[in-house]
Amino acid sequence: MEHATAPDSRIDLQRIPAHIAIIMDGNGRWAKRQGKTRSQGHEAGARNVRLVTEACRELGVRALTLFAFSTENWNRPKREVDSLFRLISRAMKQYADKINETDVRLRHLGEMDGLPEHAARDVRKCMEQTRNNKTMDVCVALNYGGRAEIVQAARKLADAARRGEIAPEDITEELLARQLYLPDHSEVDLLIRTSGELRISNFMLWQISYAEIVVTPTLWPDFNRQALYDAIVEYQARDRRFGGRP
Ligand code: IPE
Ligand code: IPE
Ligand code: MG
């Protein structure tokens, strides 16, 4: 259900960021603080995705992009990587019906090639089941790297040039943006990073050019509705100038 009035009186429903992207960081630190295993931390993080998705949908956010597994995360111990992909598969199976009922479309950005077969299969299945949904897109970045995304875009353009379909001077920002994994979501309005690190970690390098960045010390499994509302309030207090004059 979408809110007729804001769930938090500080939020202006007319100025909700259309596209929110989240670097969901801090599962490990959360687990450590609770005396739990890292994999229990990832489980808690995965459970939280549903709550935040629902809160975004209720506010009228049109697209939510979630960083779930980076191209650099392959450098973690195999055990942790395996457990992450098992969790992803499980979440896809467990929540597919719910995602579908709420008219959310699941999308993927990143390279499917290279994902464990079961994870690729379960993500594809969920995308297929929800492909005609219209209320909100939830885009899961899996095996995603911002540099890799720009490299694959450059390759597509080079291919088109080699075939004689375009000339180098036809390459504009718009044309390059159309080669990104999800060309219809090239701009991010609000980028949230949980757990306090002040870095981008190779996420959405092209799409965040003019995003407002909110970093919160809250660890991802603790990032709740109120934390989301706080981030949106902070976003709405910013003066987005896009290089112009106020
Ligand atoms: C984020 O939590 C989840 C992924 C990167 C998959 P981390 O596992 O990075 O948690 P910290 O940063 O060690 O606390
Ligand atoms: C970023 O978190 C990647 C995801 C949230 C999936 P990391 O924990 O991998 O980032 P670094 O290592 O702190 O930069
Ligand atoms: Mg981390």
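Is D137 buried or exposed? D137 is buried, because its relative accessible area is 6%, and the cut-off for buried is under 20%. Keep in mind that this is a predicted model.

Let's stay with D137 for a moment. D137 belongs to strand β4, residues 136-144. Its side chain has a polar partner: a contact of 2.8 Å links D137 to the side chain of R105. Leaving out residues up to four places away in sequence, D137 touches R62, A63, L64, R105, R107 and H185.

Now the core. The largest nonpolar core has 46 residues. Which of them touch the most other members? I20 and I22 do. Helix α3, residues 78-101, gives the largest share of this core, with 9 residues. In general, nonpolar side chains tend to be buried together in soluble globular proteins.

Sequence neighbours up to four places away are not counted here. I22 touches V52, L64, T65, L66, F67, I192, F203 and W220.

Next, L191. This residue sits in strand β5. L191 is buried, because its relative accessible area is 1%, again against a cut-off of under 20%. What does L191 touch, not counting residues up to four places away in sequence? The list is A21, I23, I200, F203, I208, A211, E212, I213 and V214. Take E212 from that list. L191 and E212 are 21 residues apart along the chain, and 6.1 Å separates their C-alpha atoms.

On to helix α7, residues 225-237. The helix has 13 residues, so at 1.5 Å a residue it should span 18 Å. Its end C-alpha atoms are 18 Å apart, which agrees. At the N-terminal end there is a cap, N224. A side-chain oxygen of N224 lies 3.2 Å from the backbone nitrogen of Q226. Which residues of α7 are buried? They are A227, L228, Y229, A231, I232, V233, Y235 and Q236. Around ligand 1 are M24, D25, G26, N27, G28, R29, R38, H42, A68, N73, R76 and L84. D25 places a polar side-chain atom 2.9 Å from an oxygen atom of ligand 1. The backbone takes part too. A polar backbone atom of N27 is 3.2 Å from an oxygen atom of ligand 1, and for a backbone N or O atom of G28 the distance is 2.9 Å. How much of ligand 1 does the protein bury? Taken alone, ligand 1 exposes 380 Å², and the protein buries 86% of that.

Last, ligand 2. I23, M24, D25, F67, A68, F69, N73, R76, R193, R199 and S201 surround ligand 2. D25 has a side-chain N or O atom 3.2 Å from an oxygen atom of ligand 2. R76 has a polar side-chain atom 3.2 Å from an oxygen atom of ligand 2. For S201, a side-chain N or O atom lies 2.6 Å from an oxygen atom of ligand 2. Alone, ligand 2 exposes 390 Å², of which the protein buries 78%.

Technical notes: Residues numbered from 1 in each chain as written. Chains lettered and ligands numbered in written order. Predicted model: local features only at pLDDT ≥ 70, side-chain atom pairs only at ≥ 80, totals over all residues. Heavy atoms only, no water. Core = buried A, V, L, I, M, F, W, Y, C linked by side-chain atoms within 4.5 Å. Buried < 20%, exposed > 50% of the residue type's maximum accessible area, 1.4 Å probe, protein only. Helix = DSSP H or I, 4+ residues; strand = E, 2+ residues; numbered from the N terminus. Contact = heavy atoms within 4.5 Å. Near = heavy atom within 4 Å. Polar contact = N/O pair within 3.5 Å; in protein donor to acceptor, adjacent residues only side chain to side chain. Areas by Shrake-Rupley, 256 points an atom, 1.4 Å probe, with all protein chains shown as cover. Expected span 1.5 Å × (residues − 1).
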